[in-house]
Amino acid sequence: MYQYDEYDQQLLDERVAQFRGQMQRFLAGELSEDEFRPLRLQNGLYIQRHAPMYRVSVPYGHLASRQLRKLGHLARTYDRGYAHFTTRTNVQFNWPKLETVPDMLAELASVQMHSNQTSGNCIRNITADPFAGVAADEVADPRPFAEILRQWATYNPEFAYLPRKFKVAFNSSTENRVVLRVYDIGLDLVRNEAGELGFRVLVGGGLGRTPILAEEIRSFLPWSQMITYCEAIIRVYNRWGRRDNAWKARIKILVKALGVDAFREEVEAEWALSKDGPSTITAAELARVSAHFAPPPYVELPAEDPAFERQLAGNKAFATWFKRNVRPHRQPGYASVVLSLKKTGTAPGDVSAEQFDAIAELADQYSFGEARMLHEQNVALADVRRDQLFELWQAARELGLATPNIGLISNIICCPGGDFCALANARSLPIADDIQRRFDDLDYQHDIGELDLNISGCMNSCGHHHVGHIGVLGVDKNNEEWYQVTIGGSQGNGTTLGKVIGPSFAAEEVVDVVEQLINTYLELRHADERFIDTVHRLGSEPFKQRVYAERQPQRKPAHV
Amino acid sequence: MCEHIDLIKNGRLLRETRALVVIAENEDPANIAVPAGPVLVPLAVWQARRPELLARARNGELGVWLAAGEDPDALGEDLASLQLIALDFPKFTDGRSYSAATRLRLHHGYRGELRAIGQVLRDQFNYLNRCGFDALQPPVGRYDHEQLQAAVASIVDFTLPYQRSVADPLPLFRRVERGALQAGELS
């Protein structure tokens, strides 16, 4: 993975000093609350419901074992012994003390980590395919580009006070694993007819109150122009994006207002002034950064492994885990493993200090000292020898990290919700817990098959409910928690936004509603049809009818 | 009559006297009073009274200020005559003037004084400077002299930024020889 040189380190150290000074001036009363707010946000520090929340950046989800140990250390030393993985490959601490956050940042900087621009109206943490460099369907490794763009975005003086937050993701494979179309800019690595590498550029996606899927603004951009073109897009947005209403301030609203063609004209005119200019990426710079992502020293392994086949055949639990949580790898004899953070009874995405240490240990032992975060709030070990999978599975099981539920209903994406977040309208964790308990039987889950269930505690949609096959959204009605249910959303190449099935539900009803949706599917499905396929084939009507017919008598009216 | 204003110009603390003309509601830019001596006038006044004000602009006595969201392209060929342009920050979180400054410097080649006015606070000095503002005018009374002197230091919060900007015509990867990987670092 990327290793800092003296320039990276100096910039980060200067950031630590800057933020320490700002915190001191805030505590001394020299900086007002309003003046301090964007400064602390751009360093990842929120003021939350119970305590400050500190959001740490994990660029494109890559973590070295020493960084995992540092996160565990922070959880133990400055927090209550755990932290939370988000859908944006950030790590959140929920109980730090305000005045100790600069110390936490300094600790992070000692292992080449930070909380740069994890909040605020600036360019946020950049995400990429979690299986970059190992996926069989990869066009090219996105990580060198993601790192080059990260550097360009970091402390970028022109784009720190945009109309609203700005998120960029890279897709690099045939199967889109990053929800590319819900990003402000989506960069899709492609080759043109001449075989040259570049990007298909998408713009104007986003979830939130007005979910919109990004549209193509350019079918092919040479990789060398990645910075100049992104700069042109963001400059047009910075100049003309709305600033009068925070709900209308994302770039998606500007793109919709102008129309993608008029927006493209603005961008192309701006780009003409900087295209091929000094920010053009040189082959030398790409080679320098790419060297950091060279494949690890794999050993030569046979394509066939009879001993492994015997392990699979001889242990049903292992075989189930292998089917759900292990992915094929480019290198013969290797596999990628997803460690599930979705064990029933634990908050989705939460990791204890002990688990941080244990994951670091597993990474060191089985995967060249590296781990990767997934936007589904799990952790992957990307480079595991097949002949060590059984051993790894046993170790992961001891640690509660081997629940074989990847892609299944209990692999819930869930934001921290009203239990922690000041923005939330409703709690999301108890809903996730209800659903995990109701569907705890793994045979039942496997029978239901692939199903993405996503929960957000408010319109900001951190839990990606719009793209869940089943989505649950917490809403506030007269200071009561209610939940809107959507079906038909999906991520991946054919990303679709779910549709609300009707009036919202009380918290205790949600799990029954989910079960009714599932039962409807089980009765109506064709062979080999996933829940989402049945919804797309039949529409939402049969699901709605079932849910509301069974609920009519006790429903309160007017909770739409 | 105009009070002194504190100004940080090219990293040095100065005091100067310069009137700021603001168009009140119902006032006509064509008839508004433009005081003698150093002054900043709004874009609308400049556009309405250009022939009358041109000589004062050429000798630097008169500058033009643009509201956030006003397009510097509107100055057209006058950019060659103007010695002083100011860009307003109605709120310090309104970032439009960072892009306006960048465009003025990099696209239009403007070389005169570029002054940040309005909610200009020390925690933005570094970014303002890098976007081409060589003069920073914080709100009158916001900082005492001692605080301002300390604030001057924050102009160089980041000494070797990654990206190209007005202040750094080349991105870091073209400015310096960046470190190659040390042997063993990838293991």
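Two residues are taken to be in contact if their C-beta atoms, placed from the backbone, lie within 7 Å. The model is predicted, so local features need pLDDT of at least 70 and side-chain atom pairs count only at pLDDT 80 or more, while totals for chains, interfaces and linings use all residues. Residues are numbered from 1 along each chain as its sequence is written, and chains are lettered from A and ligands numbered from 1 in the order in which they are written.

A nonpolar core is a set of buried Ala, Val, Leu, Ile, Met, Phe, Trp, Tyr and Cys residues joined through C-beta atoms within 7 Å. Here a residue is buried if 20 or more other C-beta atoms lie within 10 Å of its own, exposed if 12 or fewer, and partly exposed in between. The largest such core has 201 residues, and those with the most contacts inside it are Leu149(A), Ile233(A) and Ile359(A). Helix 6 of chain A gives the most to this core, with nine residues. In general, nonpolar side chains tend to be buried together in soluble globular proteins.

Helices (H or I, at least four residues) and strands (E, at least two) are DSSP runs, numbered from the N terminus, and two strands pair if DSSP finds at least two bridges between them. An open sheet of four strands in chain A has the order 6-7-8-9, with mixed pairing. Strand 6 (168-171) and strand 9 (215-222) of chain A are its edge strands, each pairing on one side only. On average, and with direction ignored, neighbouring strands of this sheet are turned by 25° against each other. Strand 8 (residues 197-203) of chain A pairs with strand 9 of chain A in the antiparallel sense over five bridges, and Phe199(A) stands opposite Leu221(A) in strand 9 of chain A. Helix 6 (residues 226-240) of chain A packs on the sheet, touching strand 7 (185-191), strand 8 and strand 9 of chain A, and its direction makes about 10° with that of strand 8 of chain A.

A helix pair in chain A comes next. Axes are lines fitted to C-alpha atoms, for helices over the stretch in contact, and angles run from 0 to 180 degrees between N-to-C directions. The axes of helix 1 (residues 6-27) and helix 4 (residues 101-109) of chain A come within 9 Å and cross at roughly 175°. That makes helix 1 of chain A roughly antiparallel to helix 4 of chain A; angles under 35 degrees count as roughly parallel, over 145 as roughly antiparallel, 65 to 115 as roughly perpendicular and the rest as oblique. From helix 1 of chain A, Leu12(A), Asp13(A), Val16(A), Phe19(A), Arg20(A) and Met23(A) meet Pro102(A), Leu105(A), Ala106(A) and Ala109(A) in helix 4 of chain A. By class, this contact has eight nonpolar, no polar and two charged residues, where Ala, Val, Leu, Ile, Met, Phe, Trp, Tyr, Cys and Pro count as nonpolar, Asp, Glu, Lys and Arg as charged, and the others, Gly among them, as polar.

Two loop residues of chain A have a positive phi without being glycine. For Gln112(A), phi is near 60°; Gln112(A) lies in the loop between helix 4 and helix 5 (143-153) of chain A and is partly exposed, with 18 other C-beta atoms within 10 Å. For Gln377(A), phi is about 70°; Gln377(A) sits in the loop between strand 13 (370-373) and strand 14 (379-385) of chain A and counts as buried, with 25 C-beta neighbours inside 10 Å.Chain B holds five helices and eight strands, and buried residues make up 37% of its 187 residues. Strand 5 (residues 62-66) of chain B is mostly covered, with five of its five residues buried. Leu62(B), Val64(B) and Leu66(B) point one way from this strand, and Gly63(B) and Trp65(B) the other way. Strand 4 (residues 39-42) of chain B pairs with strand 5 of chain B in the parallel sense over four bridges.

The contact between the chains takes 34 residues from chain B and 35 residues from chain A. On the side of chain B that touches chain A, the largest share, five residues, comes from helix 2 of chain B.
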